[in-house]
Amino acid sequence: MVPLSLSSDTQSKNSLKIAIIGQGAIGGLLASQCHNLGYNYQLLLRNKTLVKPNFSLQIEDIRQQVTQIQPKTCQIDQAKNFDLLILPIKAYQVLAALKSMQKNIQPHQVIVLLHNGMGTIEQVKQLLPDNPCVAATTSYGAFKPAPAYVKQTGLGETHLGWINSPEPEQVEEIEKILTNLLPPSSWHQDITIALWNKLTINAVINPLTAIHNIKNGELNERKYTGEIEKTCSEICSIMQQLNYSVQLKDLLKRVNQVIEKTANNYSSMHQDIYHGRKTEIEYINGYVVQKGKELGVGVKANQELFNQIKALEKKQ
Ligand code: PAF
């Protein structure tokens, strides 16, 4: 692996200013992609001590090529100068992050949600009803073996869609930038279908792998079939109540494909429990339970997974 050191002041090809919140694994990949494409970007950080001119990150891509970048940084509650705000952070961090910036957010600034789980769209609509907003879901794989090192583990794909869209010229410009940043990507008229599909995958794989301390691929064993089917069937009934035309067999097929494709990975929730961190359970099975209760659909299997993860979080 050869570290390639690249200057932070790359000539910006694009006039739109991008702000990426946090320094998580997906945020790191986005920063390196902005760097490679010569975009004008900065990282918004909560930790004051990290906001410094020589802040640097090393990004190891899928070919094990390491690039060192030195992004501009800014304290999150001081950030003003941006057009596009990307939030590649955990679902439970979204509301607090936006609240900490709220006094500086202008109505033209576009918000991009990029995380596992559902429930944040409702929060953003309430907090910033006038801002254009994109919701996205990605299957990019990455993790951070050290605080300033991001390792890409899989080439994923990204699905995006407008929740609240701006003027047509801005739509075109933003779509072009996000398509370049997260390839291959597809834009959807109604992104909520893709979000529910991904929610189903996460509602099965994440809690089960965390509870049983296993890799994703081990969910192929027969002993998990019943629980997988029950969890998916509850989500399928909720989706049908919400008027999505979906069949249980298709949801199960999707879940099984991801189990196969990511057989060797530990899910994000497995890693969170393993390392004693908070999980996204409230926004995954917790969201399913909440919707089930609202719609009068039984959610016993999802409630049980939720309770088991909560019990594991308490033990930490
Ligand atoms: O959260 C995760 O780990 C991932 O979204 C997925 C697709 C379940 C693969 O591990």
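The turns below treat a predicted model.

Me: Into which domains is the chain divided, and how many Å separate their centres?
Reply: The chain is divided into domain 1, residues 8–189, and domain 2, residues 193–315. Taken over C-alpha atoms, the centres of domain 1 and domain 2 are separated by 26 Å.

Me: How many residues does the contact take from domain 1 and from domain 2, and what is the area buried between them?
Reply: The contact takes 18 residues from domain 1 and 17 residues from domain 2. Carbon and sulfur atoms give 60% of the area buried between the two domains. That buried area is about 1,500 Å².

Me: Which three residues supply more than any other three of the area that domain 1 buries against domain 2?
Reply: The three residues in question supply 49% of the area that domain 1 buries against domain 2. They are Tyr92, Asn116 and Met118.

Me: Which helices and strands each supply at least two residues of the side of domain 1 that touches domain 2, and how many charged residues does that side have?
Reply: Across the interface of domain 1 and domain 2 there are eight residue pairs in polar contact. On the side of domain 1, α2 (91–101), α3 (120–127) and β9 (133–138) each supply at least two residues. By class, that side has seven nonpolar and nine polar residues, and its charged residues number two.

Me: How many salt bridges are found across the interface of domain 1 and domain 2, and which residues are linked with Lys90 and Asp272 in a network?
Reply: A search of the whole structure finds 11 salt bridges, and across the interface of domain 1 and domain 2 there are two. Asp272 forms a salt bridge with Lys90, with the closest N and O atoms 3.0 Å apart. The network of salt bridges that holds Lys90 and Asp272 also links Arg277 and Glu280.

Me: Is Lys223, which forms a salt bridge with Glu221, buried or exposed?
Reply: The closest N and O atoms of Lys223 and Glu221 are 3.5 Å apart. Glu221 has 37% relative accessibility and counts as partly exposed. Lys223 has a relative accessible area of 61%, and exposed means over 50%, so Lys223 is exposed.

Me: Why do Lys278 and Glu282 both count as partly exposed?
Reply: The side chains of Lys278 and Glu282 meet in a salt bridge, at 3.9 Å from N to O. Partly exposed lies between the 20% limit for buried and the 50% limit for exposed. Both residues count as partly exposed because the relative accessibility of Lys278 is 39% and that of Glu282 is 31%.

Me: Where do Glu313 and Lys310 lie, and is Glu313 buried or exposed?
Reply: Glu313 forms a salt bridge with Lys310, the closest N and O atoms being 2.9 Å apart. Both lie in helix α10 (residues 300–315), three residues apart, which is about one turn of the helix. Glu313 has a relative accessible area of 14%, and the limit for buried is under 20%, so Glu313 is buried.

Me: Is Asn302 buried or exposed, and which residues does it touch?
Reply: Asn302 is in helix α10. Its relative accessibility is 0%, so Asn302 counts as buried. Not counting residues up to four places away in sequence, Asn302 touches Ala203, Thr231, Glu234, Ile235, Asn285, Val288 and Val289.

Me: Which residues does His270 touch, and how many Å apart are His270 and Glu260 in space?
Reply: His270 is found in helix α8 (residues 268–274), and at 4% relative accessibility His270 counts as buried. Residues up to four places away in sequence aside, His270 touches Asn206, Thr209, Ala210, Asn213 and Ile214. His270 and Glu260 are 10 residues apart in sequence, and their C-alpha to C-alpha distance in space is 17 Å.

Me: Which residues are in contact with Trp196?
Reply: Trp196 is found in helix α5 (residues 191–212). With a relative accessible area of 2%, Trp196 is buried. Leaving aside neighbours within four places in sequence, Trp196 is in contact with Met118, Ile235, Ile238, Met239, Leu242, Tyr244, Tyr287 and Lys291.

Key: Residues numbered from 1 in each chain as written. Predicted model: local features only at pLDDT ≥ 70, side-chain atom pairs only at ≥ 80, totals over all residues. Heavy atoms only, no water. Domains from an automatic or database assignment. Contact = heavy atoms within 4.5 Å. Buried area = accessible area lost by both parts, 1.4 Å probe. Salt bridge = Lys/Arg side-chain N within 4 Å of Asp/Glu carboxyl O. Polar contact = N/O pair within 3.5 Å; in protein donor to acceptor, adjacent residues only side chain to side chain. Helix = DSSP H or I, 4+ residues; strand = E, 2+ residues; numbered from the N terminus. Nonpolar A, V, L, I, M, F, W, Y, C, P; charged D, E, K, R; others polar. Buried < 20%, exposed > 50% of the residue type's maximum accessible area, 1.4 Å probe, protein only.
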